[in-house]
Amino acid sequence: MSREDKIVVGISIGDINGIGSEIIMKTFEDLRMLEFCTPVIFASVKLMSFFKKQFETDINFHGIDKIEDLVPKKINVLNVWKEHVDVTFGEENPTGGEYAIKSLKAAVEALKNKKIDVLVTAPINKSNIQSESFNFPGHTDYLAQELEGESLMLLISENLRIGLLTDHVAVKDVVKNITRERIDKKINTIYHTLIEDFGIEKPKIAVLGINPHTGDNGVIGDEDDTVLRPALDNIRNNGKMVFGPYAADSFFGSGNYKNFDAIIASYHDQGLIPFKTLAFGKGVNFTAGLNRIRTSPDHGTAFDLAGKNTANFESFREAVFSAVSIFETRREYNEISKKPLQASRKRAFLKKK
């Protein structure tokens, strides 16, 4: 396969004191990964050599100083820095945050400039990344600023997709952040990503209520009746298959989630608790709605496991697979969409997905 045919997967290193380095190396120890993508790790050869020794792996890196020098069938490491960095596994400290952000910023810059095709991010710590130059709750918010589009945090696994109306928002602030405008934007984003990134022609979307039992006719809050239902009625009147609001407590246990292409939760834990219960270790976080593709594993830095060579890498590997798959689906959709006379081919493409 030629260099031009390969999807270039940029990888940010995450917190160097967490499990990011381990799950990256375990993923690419299987050299079959290099048959369908070209990885580029944004870090330094010195640092990756230290990790190689720490985890006693035979993995080989190809060091480069500029992205144009990457080589297919190699695990490329772009030297974002060259100085020695002290790694203290399992410790939350400023060094871990500083180099996580150096890696992330370099990778996002390459993504913006189309030097890489997709970005897969290893976990960061939301506390030690904070600084004057980086004041974001996490990856999603930073990417929303740097890239074009309306971002939406979408958790995906083989048969489950859960998006969020509000993501990294304190519970006390959830209700005031759920407006009709936000509901319209988020549902529009997930609707289009299901078509363009997952090849689903007529998406069916379920929306979970804000309050317990969707408010019980105003007994437990009226936001479902005054904000959510009118917004969903308007969206349905515009032709989208959007259903709900559903009471969140029974929606997953009853298996009702299997009847939809995606579910939108009102707030972070309402969506992530069932997702991680059903798909933990194999789930992927996809930042939908942006003009570039970014995925990540569905877990954090796992400081308690760092440096012990026991971390499960399946979610990170799935994040790589998902990024490549989404890129291919979006590219094919865009190519067909540019040719109006091939609309029938487009419909056939969507149906086969």
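K112 has a relative accessible area of 30% and is partly exposed, a class lying between buried (under 20%) and exposed (over 50%), with a 1.4 Å probe and protein chains only. The model is predicted, so local features need pLDDT of at least 70 and side-chain atom pairs pLDDT 80 or more, while totals for chains, interfaces and linings use all residues. Residues are numbered from 1 along each chain as its sequence is written, and side-chain values use heavy atoms, without hydrogens and water.

K112 forms a salt bridge with E146, at 2.9 Å from N to O; the term denotes a side-chain nitrogen of Lys or Arg within 4 Å of a carboxyl oxygen of Asp or Glu. This pair joins distant parts of the chain, 34 residues apart: K112 belongs to helix α3 (residues 94-112) and E146 to helix α4 (residues 139-146). Helices are DSSP runs (H or I, at least four residues), numbered from the N terminus. E146 is partly exposed too, at 22% relative accessibility.

Another salt bridge pairs D233 with R236, at 2.7 Å from N to O. Both residues lie in helix α7 (residues 223-237), 3 residues apart, about one turn of the helix. In total, there are 17 salt bridges, and E83, E98 and K102 are linked in a network of them.

Definitions and conventions. Helices (H or I, at least four residues) and strands (E, at least two) are DSSP runs, numbered from the N terminus.
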